[in-house]
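Here is a friendly walk through one protein model, written for someone who likes to know how each term is defined. Have the structure open as you read.

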Amino acid sequence: MKIPPEKQAWPLPEEDYWSTPFAEILMHHLELFPGASVLDVACGHGVPAFHIAEQVGPTGQALGVDMHPGQVLRCRATQKHHLPWLRFEQADMRALPADLEKFDRITGNLAFMFFRPERHQALKRLTGFLKPGGQIVLTFPCLGTFDSIWQRVDREMASRGLNKEQEALAEYIAERPSSEQARQWLEELAMEQIEVSEWPLEIKSGPGQAFLNHPLLRGGFLEDAYECFEDQALAHEVMNAVADDLSNFTPLLAQRCALSAWRPEE
Ligand SMILES: C[S@@+](CC[C@H](N)C(=O)[O-])C[C@H]1O[C@@H](n2cnc3c(N)ncnc32)[C@H](O)[C@@H]1O
């Protein structure tokens with residue numbers, strides 16, 4: 001039973017062009033009920049913790065955790081006196097205190113990529129905080145995200161004979177989590193009703209500086225390409241050449257992956 005959009009005081013923010021499209025697929029999979037207890041990991045600035053807390057209502061409970069104290073303070077400042085059954089705490093989602101309560105639902109929007117380096121272990125630990133019969137839903141940009149960019153960067157590196165940088169890029173690409181790997185881990189954890197879905201999201205950008213400074217690409221994605229270079233002046237040269245050639249590697253597609261699974265009843 002969902003609160004209809006026109007009655008929601010805490011809808012997913014329309015102007016958030018990254019978190020909201022991922023939160024939408026999270027909400028698509030999440031089965032909520034009034035009175036549910038929910039843990040939202042890597043809650044950031046509160047997407048989708050506020051939205052979920054409103055849905056579970058005053059008989060429910062919601063806890064948002066983030067590793068960075070600034071994010072927790074930001075959430076508390078947004079919350080003020082609203083939704084008193086929602087609280088925010090600073091915690092590392094990979095190492096939550098063993099005496100933390102168990103939840104009906106665990107969510108993490110744009111969270112799974114931060115489970116590294118031991119993603120499998122982190123997932124196992126986190127599912128341990130689910131009540132029997134509880135559901136976990138996580139979203140992340142999976143393998144395939146912005147592949148056209150990585151292929152173009154790789155070609156630029158190859159044409160300049162930058163073997164070391166190419167190797168570093170290949171390592172980065174291989175390290176990214178795939179939806180199939182995630183499914184396998186959930187199966188190994190004996191979770192039930194596992195659903196893994198991928199939803200493409202096109203990011204629009206102009207060439208040159210518009211591409212290099214695009215808020216959704218810089219910091220998190222393009223940054224990783226720069227990190228493949230020891231020589232940052234060379235990195236700028238290569239990335240500028242790539243950015244000027246944008247029309248040859250569009251569309252820019254992120255793959256939104258949603259994982260949903262249920263802990264077996266005991
Ligand atoms: C991409 S944001 C996602 C935030 C929010 N859920 C959203 O959809 O906008 C990632 C957040 O994960 C937090 N984070 C990263 N690693 C974490 C960890 N190990 N434990 C808890 N939070 C973490 C960061 O501080 C950041 O606020």
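## Helix H4 and its neighbours

The buried residues of H4 pack against strand E1 (37-41), strand E4 (103-108), strand E5 (130-141), H6 and helix H7 (179-188). Here helices (H or I, at least four residues) and strands (E, at least two) are DSSP runs, numbered from the N terminus, and contact means heavy atoms within 4.5 Å. H4 itself covers residues 119-127, and its buried residues are Arg 119, Ala 122, Leu 123, Leu 126 and Thr 127. Viewed down the axis of H4, these buried residues fall within an arc of 125 degrees, so they line one face of the helix. That arc is taken from the directions running from the helix axis to the C-beta atoms. Buried stands for under 20% relative accessible area, exposed for over 50%, and partly exposed for what lies in between (1.4 Å probe, protein chains only).

A word on the model: it is predicted, local features need pLDDT of at least 70, side-chain atom pairs count only at pLDDT 80 or more, and totals for chains, interfaces and linings use all residues. Residues are numbered from 1 along each chain as its sequence is written, and side-chain values use heavy atoms, with hydrogens and water left out.

Where does the largest pocket lie? Domain 1 and domain 2 both give residues to its lining, so the largest pocket lies between them. Its volume is about 1,000 Å³. The lining holds 37 residues, with Trp 18, Leu 110, Met 113, Phe 114 and Gly 220 nearest the centre. Strand E2 (61-66) and helix H6 (163-175) are the elements that give two or more residues to this lining. By class, the lining has 18 nonpolar, 9 polar and 10 charged residues.

For the terms: on a 1 Å grid over the protein atoms alone, a pocket is an open set of points with protein on both sides within 12 Å along at least five of seven lines, and lining residues have an atom within 4 Å of a point. Grid points are joined across faces, edges and corners, and a volume is the space filled by probe spheres set on the points. Ala, Val, Leu, Ile, Met, Phe, Trp, Tyr, Cys and Pro count as nonpolar, Asp, Glu, Lys and Arg as charged, and the others, Gly among them, as polar.

Phe 221 sits in the loop between helix H8 (209-212) and helix H9 (222-226). Is Phe 221 buried or exposed? Phe 221 is buried, at a relative accessible area of 13%. Leaving aside residues up to four places away in sequence, Phe 221 touches Trp 18, Pro 141, Thr 145, Phe 146, Trp 150, Tyr 172 and Leu 216.

One of those contacts, Phe 146, is in the loop between E5 and helix H5 (147-159). Phe 146 is buried, with a relative accessible area of 0%, and has a positive phi of about 55 degrees although it is not a glycine.

## Backbone details to check

Ala 42, in the loop between E1 and H2, is not a glycine either, yet has a positive phi of about 50 degrees.

A cis peptide bond joins Arg 116 and Pro 117, with omega about 5 degrees; Pro 117 lies in the loop between E4 and H4. Thr 250 and Pro 251 are also joined by a cis peptide bond, with omega about 0 degrees.

Note on methods: 1 Å grid on protein atoms, 1.4 Å probe; cavity = no way out; pocket = protein on both sides within 12 Å on 5 of 7 lines; lining within 4 Å. Domains from an automatic or database assignment.
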